[in-house]
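This report is a guided reading for someone who is meeting the structure for the first time. Please keep the sequence and the 3D view at hand while reading.

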Amino acid sequence: MTTVHAAPDAVRMPGPDDLSVWPASAGHLAHGDLAVGGVSLTEVAQRYGTPAYVLDEGEVRERCRTYRAAFPAAEADVVYAAKAFLCRAMVHWVRDEGLGLDVCSAGELELAVTSGFPAERIVLHGNAKSPRDLDTALRLGVGRIVIDSASEVARLAAAIGPRGSQKVMVRVVPGIVAGGHEKIRTGGEDQKFGLSLTDGSAQHTIARILDQPQLRLTGLHVHLGSQITTVKPYLAAVRRIVGLMARLHRQHGLVLPELDLGGGHGIAYRPGEPALDVTRLAHKVRAELASGCAAAGIEVPRLIVEPGRAVAGPAGVALYRVLAVKRTGTRLFVAVDGGMSDNPRPALYGVRYAPRLVGRASQAEPAVVTVVGRHCEAGDVLAADAALPGDVHPGDLLAVPVAGAYHLSMASAYNLVGRPPVVAVRDGRARLLVRRESLDDMCGRDVGV
C-alpha cells in the first residue's frame, strides 16, 4: 500500500459531504459507501463487476420534467439529443416524459422507432448523412430532417421522389463562438457544421429548398456548441436568426413556424463549476424572441431546444476498481480497470472529473493524484489533479459522477477490453439495461480467417 502526502491548497478538495454534482438521490451509507437511487454502489460493483455505468432513472426523469416546466408544451418542444446516451430504456423514459428525440444516424433512428418512439417526434441531424440515413428516415417517416449543406437538397429531393413530401429545417451558422472547448464549438465560421449567414450560403440553400416542392421548410436550426454555461450566446443567436427570418419574409413572403436553438447546455463536472440555469434560459430566450419578432413584424415561431448532456450527464456514475498505485517523478498515478475506451472525453477535450473513493472509510489526508486507465496510451487519463485519500490502494472502488453522457455512446473496443454494462437504479432496485460487451461479441465480428 502506498501512502502519499497531503495535496497542495491550489487544488480544491471537495469535503466528504459534498455531493453537489451527484444525482439528487445520492446519499452516504456506512463504511464510506454511497447509494444512488437507493442502491449501494459497492453492491452494484460486486453484482455487475467493474468498470460499470450506473444510471439513475429518477434523475433522468426529473431533468426531463425540469425542461418541460421551463419550456411548456403549449409554446415549445423539448427534444432529447440521443447522441449523449441512447438505449431502449432511455427511449422509453424520454417518451414517457413528453420529450421528442434528436438522432444523428440510421442506427439511432432504428433503435428509437423499434423501441416504440413515434417517428414523427424525431429530428434527424448530421453534416454528412449517408444514403442509408436518408432512406431510413424517409421509410420510417421521421418528423424533421435538418439540412446541413446545399448538396443535400438535391439528394434528399431525389430520395423522396416527385410525389413525396418531407419537412425539413436548415442548420444556420450564426457566427457566434461559444462552448467549453474549441473542439465542441459549432456556432462559428470555419467548422464542418451548418450553413453560414456571413457568406450567404444559408440564404442560397434556403432558396434552393423553396424550389423543391417535395421539401417543406418548417424552420431554422442553430447549435452553438457544447458546455455553454451562460445565456448570453443564445440571446445573440436569437437576434441573428430573427434577422434572417425577417429578410426571408421580405424576400420570399416566407413565414417559418419553428426555430430550433439546439442544445449545448453546460453542466458542472466538479463541485463549484458553473452550470446553465435552464429556467433562466427559457425566460430570457422567450422574451428575446418575442421582442425581436415584434420589432421585425413577423410571427413568433415555436421554439425547440435539444438538451442531451444536461439530461443524461448528471444522472450517471462510472465505477472502477483500482489496479495499481505508483509514483513516477512528481506524480502519483492511480490506475484503474477502465480508461479511454469507456470515457475518451478527457483525452479529446481535457475534461476534468472528481472521482471518489467508495466502499471504505478513510481517515488519511487527501492527496492530489492522476487517475489513469489501463490502455496503451500516455493520454489515457481519466482524472488529472484529482483529490483522493492518501492511502488509496489496489482493490479500492472509485466512483466518478457526471458520467451519463458521452461515455458509452463514445466508447470503443480499444485493446479488446469490451465496453462496460449500464445498470439502472431507482427506488432501491438495480437492473441491467445494457450488458457488458464480451470477448465473444468482439471476436464474432472477425471473419477474416
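Which are the buried residues of α5? In this predicted model, they are Asp133, Leu134, Thr136 and Ala137. Around the axis these residues cover an arc of only 165°, which puts them on the same side of α5, while Pro131, Arg132 and Arg139 are exposed on the other side. The cover over the buried residues of α5 includes α4, β7, β8 (144–147) and α6 (151–160). Just after α5 comes Gly141, whose phi is positive, at about 80°.

**The chain as a whole**

The protein chain holds 12 helices and 21 strands, and along the principal axes its C-alpha atoms fill a box of roughly 75 × 55 × 45 Å. A compact globule with 449 residues would have a radius of gyration near 22 Å, and the 23 Å of the protein chain agrees with this. Of the 449 residues, 54% are buried, and the accessible surface of the protein chain comes to about 18900 Å², with 51% of it belonging to carbon and sulfur atoms. Among contacts with a separation of 6 or more, 69% are between residues 24 or more positions apart.

**The nonpolar cores**

The largest nonpolar core has 131 residues, and those with the most contacts inside it are Trp22, Phe71, Tyr80, Met90 and Leu220. Helix α8 (residues 232–252) gives the most to this core, contributing 10 residues. Apart from this core lies another, of 5 residues, including Val79, Val123, Met169 and Ile304.

Leu220, once its neighbours within four places in sequence are left aside, is in contact with a set of residues that includes Met169, Val170, Ile241, Leu244 and Leu259. Val79, found in strand β5 (residues 76–81), counts as buried at 6% relative accessibility. Leaving aside its neighbours within four places in sequence, Val79 is in contact with Gly100, Leu101, Asp102, Ile304, Val305, Glu306 and Pro307. One of these, Pro307, stands 228 residues from Val79 along the chain, although the C-alpha atoms of the two are separated by 6.7 Å.

**The cysteines**

How many disulfides does a search of the whole structure find? The search finds 0. In general, a disulfide is a covalent bond between the sulfur atoms of two cysteines. The sulfur of Cys87 has its closest cysteine sulfur in Cys64, and, because the two are 13 Å apart, they are too far for a bond. Cys443 is likewise in no disulfide, as the nearest cysteine sulfur, that of Cys376, is 17 Å away. Cys87 counts as buried at 5% relative accessibility, whereas Cys443 is partly exposed, with a relative accessible area of 42%. The table sets out the sulfur distances.

| Cysteine | Cysteine with the nearest sulfur | Sulfur distance |
|---|---|---|
| Cys87 | Cys64 | 13 Å |
| Cys443 | Cys376 | 17 Å |

Definitions and conventions
Residues are numbered from 1 along each chain as its sequence is written. This is a predicted model: local features need pLDDT of at least 70, side-chain atom pairs count only at pLDDT 80 or more; totals for chains, interfaces and linings use all residues. Side-chain values use heavy atoms; hydrogens and water are left out. A nonpolar core is a set of buried Ala, Val, Leu, Ile, Met, Phe, Trp, Tyr and Cys residues joined through side-chain atoms within 4.5 Å. Buried means under 20% relative accessible area, exposed over 50%, partly exposed in between (1.4 Å probe, protein chains only). Helices (H or I, at least four residues) and strands (E, at least two) are DSSP runs, numbered from the N terminus. Contact means heavy atoms within 4.5 Å. A disulfide is a pair of cysteine sulfur atoms within 2.5 Å. The radius of gyration is taken over C-alpha atoms; the globule rule is 2.2 Å times the number of residues to the power 0.38. Accessible areas come from the Shrake-Rupley method with a 1.4 Å probe; for residues, only the protein chains shown count as cover. The arc is that of the directions from the helix axis to the C-beta atoms.
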